[in-house]
Amino acid sequence: MVLLVLAGGLDVARGLSPAEQVPLFSASDQVVARRIRETTSPRARILHAPIHNSPVALSGRQSLMGYAGHLWSHGIDYQPREADLRQILGGAAESVPLLEKYQIEYVLIGPAEMALSPPACLSCFSSRYPVVFEAAGSRLFHLRGRS
């Protein structure tokens with residue numbers, strides 16, 4: 001009995017230690033999410049990297065695709081959409097019909113999108129679309145406001 005109580009106490013102590021406090025969203029993510037809320041309409045659809053902790057999730061805006069692991073665990077066939085997402089972020093000229101198909105209004109390119117393999121084509125979006133804002137290493141491009 002004593003060993004069980006001590007083992008439980010150690011587990012609780014570990015859970016309360018600062019080493020176990022890993023934030024889901026960084027301060028930079030929170031800044032980007034706030035800027036998205038300030039500059040986009042509530043119904044806007046934003047394309048971003050398919051990760052579980054994108055600033056878009058904090059903004060309350062629609063997303064083309066979230067984390068593939070969540071989609072897979074619910075039995076959703078996400079692979080065609082993920083292939084389209086990667087093609088769009090790659091900046092291919094033939095991705096324009098995909099942007100219209102999914103009714104994408106904005107593209108967020110930040111550290112997560114640049115960490116994809118292959119990385120997002122920042123120069124492709126910079127040369128074609130206006131930047132809505134740049135904050136915390138991220139840029140939000142407005143696709144309906146083509147240059």
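Reader: Why is isoleucine 36 called buried?

Author: Happy to start there. Buried means under 20% relative accessible area, exposed means over 50%, and partly exposed is in between (1.4 Å probe, protein chains only). Isoleucine 36 has a relative accessible area of 0%, so the label buried applies. A word on the ground rules: this is a predicted model, in which local features need pLDDT of at least 70 and side-chain atom pairs count only at pLDDT 80 or more, while totals for chains, interfaces and linings use all residues. Residues are numbered from 1 along each chain as its sequence is written, and side-chain values use heavy atoms, with hydrogens and water left out.

Reader: Where is isoleucine 36 placed, and what is it in contact with?

Author: Its place is in helix H2, residues 27-39. Helices (H or I, at least four residues) and strands (E, at least two) are DSSP runs, numbered from the N terminus. Contact means heavy atoms within 4.5 Å. Leaving aside neighbours within four places in sequence, isoleucine 36 is in contact with Ile46, Val56, Ser59, Arg61, Leu108, Phe133 and Leu140.

Reader: Why is the pair of phenylalanine 125 and tyrosine 129 called tilted?

Author: Their ring centres are 6.0 Å apart and their planes are at 35°, so the pair is tilted. Phenylalanine 125 is buried at 3% relative accessible area, and tyrosine 129 is buried at 4%.

Reader: What makes phenylalanine 125 and phenylalanine 141 a tilted pair?

Author: Here the centres are 5.9 Å apart and the planes are at 35°, so this pair is tilted. Phenylalanine 125 lies in helix H8 (residues 122-128) and phenylalanine 141 in strand E5 (residues 138-142), so the pair ties together parts that are 16 residues apart in sequence. Phenylalanine 141 is buried, with a relative accessible area of 0%. Phe125, Tyr129 and Phe141 form one aromatic cluster.

Reader: What makes a nonpolar core, and which residues have the most contacts inside the largest one?

Author: A nonpolar core is a set of buried Ala, Val, Leu, Ile, Met, Phe, Trp, Tyr and Cys residues joined through side-chain atoms within 4.5 Å. The largest nonpolar core has 21 residues, and Leu47, Leu89, Ile104, Val107, Phe125 and Leu143 have the most contacts inside it. Helix H5 (79-89), helix H6 (96-101) and strand E3 (106-109) are the elements that give two or more residues to this core, and H5 gives the most, with 3 residues. A second, separate core of 10 residues includes Ile46, Tyr106, Leu108 and Leu140.

Note on methods
Phe/Tyr/Trp six-rings, centres within 6.5 Å; stacked < 30°, edge-to-face > 60°.
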